[in-house]
Amino acid sequence: MATRQSDIVARLQQDGDRIHGGGTAFPRGGGYRAKHQMAAVGRGMMDDCLLTGARVFTGTEIVETDIAVKDGMIAALLPPGSMAPSGLKTRHLGADMLVAPGFIDIQVNGGGGVLFNEMPTVEAALTIAAAHRRFGTTSLLPTFITGPRSAMQAAALAAIEATRHPRSGVIGVHLEGPYLSTEKRGVHEARFIRPLDKADMDFLTALPGQFQPDNRVLLSVAPERVDLTDITALTKAGLILSGAHSVASYERTLAALDAGLRGFTHLYNAMPAPMGREPGIVGAALLDPTSWCGIIVDGIHVHPAMMRLALAAKPQGKMMLVTDAMSPTGTDVTSFPLYGQTIHRRDGRLVTDDGTLAGADIDMAQAVRNATSLLGLETEEALRMASLYPAQFLGLDDRLGLIAPQYRADMVLLDERMRVNGTWVAGQWQAADR
């Protein structure tokens with residue numbers, strides 16, 4: 001695209017009154033918290049080492065093995081107690097620890113006190129990734145929800161730049177809207193919901209080519225709000241499309257799946273409940289064997305019984321954990337702004353004044369723990385839902401989601417209670433900040 005990020009950001013700052021009803025569109029410079037957390041991304045050195053002593057969940061099973069890490073990749077899995085290959089130092093891990101594939105979160109609106117919609121910049125994307133790394137997430141898609149065209153473009157281009165920072169954890173962008181149902185918009189601002197036009201199509205279809213080959217662009221749409229030919233065109237251009245905030249019929253959703261729709265965003269939420277005569281988008285999502293569904297396992301967004309129903313309906317490997325996290329993750333703040341209104345953090349919920357849910361107050365490690373405690377899943381399956389299955393959804397399962405030779409050394413170190421001790425991103429170790 002000919003439009004430069006600097007031009008879009010300049011326009012966005014000028015459009016601040018239209019976006020927020022006054023003031024600037026986002027704080028210039030991001031403040032101390034953002035700068036401090038962004039700097040944390042670069043801490044540590046590349047660890048060429050042999051990891052030994054801990055159990056290892058490879059993505060398929062828990063085994064006793066040593067992990068040789070070299071040049072940011074998993075070089076080999078070796079018998080326990082092996083002599084370190086030449087050039088690798090041995091690092092002993094506790095026997096009560098578990099090394100697992102790093103978590104992958106495809107829906108992250110904010111973290112570390114920063115919300116991507118309020119601050120659609122490179123610094124914000126890096127801050128969000130740094131905040132979530134403390135909770136085991138080694139790869140994520142910073143998520144921009146429905147907003148003005150200029151802000152959406154700024155967020156996308158900021159994500160492009162963030163992916164170019166080595167070991168940032170940013171692997172693309174998720175645009176949730178604005179092509180959604182006003183009836184099921186949730187907290188999304190109605191005035192910014194719009195049809196997909198030529199200007200947006202031109203920008204979106206060119207977007208994947210501006211990212212690196214191992215990055216992804218995820219676009220959440222209401223299937224009834226986008227022409228089937230456009231779904232196909234966007235898919236052919238390299239975008240991944242997911243159904244969201246929709247009142248689409250069962251038949252329309254199936255047609256969208258045939259046209260290229262690949263998954264469903266926060267299943268059940270902002271979707272009509274399936275009925276006897278109209279299964280709707282939820283029924284189509286549950287019955288389609290090829291698509292993936294993201295789900296928020298906080299015990300608030302979806303009743304555990306409905307989550308278990310989805311797990312029973314979908315083939316194994318088609319349900320993914322997502323956080324839908326907002327700016328409070330990793331902080332003790334009790335409120336934050338969105339669209340000029342105050343979002344309150346209360347009793348594990350993030351809500352507007354009228355009680356509308358506005359994202360989730362959860363991190364990926366907590367989602368894994370909830371998947372075992374609320375859904376009765378085995379630890380291995382909960383970990384797959386946080387790593388291997390989202391990697392498969394993104395088409396990155398040839399490099400992420402497993403601990404295996406020639407995979408990127410993105411791993412999380414967990415204790416017996418599934419609390420994060422630290423992470424490796426492309427072989428770089430960083431302890432979790434307790």
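This briefing walks through the fold, the helix packing and a few backbone details of the structure above. The model is predicted, so local features need pLDDT of at least 70 and side-chain atom pairs count only at pLDDT 80 or more, while totals for chains, interfaces and linings use all residues. Residues are numbered from 1 along each chain as its sequence is written, and side-chain values use heavy atoms, with hydrogens and water left out.

**The chain as a whole**

- The protein chain has 13 helices and 24 strands; helices (H or I, at least four residues) and strands (E, at least two) are DSSP runs, numbered from the N terminus.
- Of the 434 residues of the protein chain, 58% count as buried; buried means under 20% relative accessible area, exposed over 50%, and partly exposed in between, with a 1.4 Å probe and protein chains only.
- Among contacts in the protein chain with a separation of 6 or more, 71% come from residues 24 or more positions apart; a contact means heavy atoms within 4.5 Å.

**The eight-stranded sheet**

- Eight strands make an open sheet with parallel pairing, in the order E8-E11-E12-E13-E14-E15-E16-E17; two strands pair if DSSP finds at least two bridges between them.
- At the edges sit strand E8 (103-108) and strand E17 (319-321), each of which pairs on one side only.
- Helix H12 (residues 379-386) packs on this sheet and touches E8 and E17, and its direction makes about 80° with that of E17.
- E8 and strand E11 (residues 137-145) run parallel and are joined by four bridges.
- Within this pair, Ile104 stands opposite Ser139 in E11.

**Helix pairs**

- Two packed helices are described by the angle between their axes and the distance between the axes.
- Here, axes are lines fitted to C-alpha atoms, for helices over the stretch in contact, and angles run from 0 to 180 degrees between N-to-C directions.
- Helix H5 (residues 149-163) packs with helix H6 (residues 198-206) at an angle of about 5°, and their axes are 12 Å apart.
- H5 and H6 are therefore roughly parallel to each other; angles under 35 degrees count as roughly parallel, over 145 as roughly antiparallel, 65 to 115 as roughly perpendicular and the rest as oblique.
- On the H5 side the contact uses Arg149, Met152, Gln153, Ala156 and Leu157, and on the H6 side Ala199, Asp200 and Phe203.
- By class, this contact of H5 with H6 has five nonpolar, one polar and two charged residues; Ala, Val, Leu, Ile, Met, Phe, Trp, Tyr, Cys and Pro count as nonpolar, Asp, Glu, Lys and Arg as charged, and the others, Gly among them, as polar.
- Helix H11 (residues 364-373) and H12 pack at an angle of about 140°, with their axes 9 Å apart.
- Met364, Val368, Ala371 and Thr372 of H11 meet Thr379, Ala382, Leu383 and Ala386 of H12.
- The contact of H11 with H12 has six nonpolar, two polar and no charged residues by class.

**Backbone details to look up**

- The peptide bond from Gly177 to Pro178 is cis, with omega near 15°, and Pro178 lies in the loop between strand E12 (172-176) and H6.
- Arg167, in the loop between H5 and E12, has phi near 55°, a positive value in a residue other than glycine.
- Arg167 is partly exposed, with a relative accessible area of 29%.
- Gln406, in the loop between helix H13 (388-394) and strand E22 (411-414), also has a positive phi, near 75°.
- Gln406 is exposed, with a relative accessible area of 56%.
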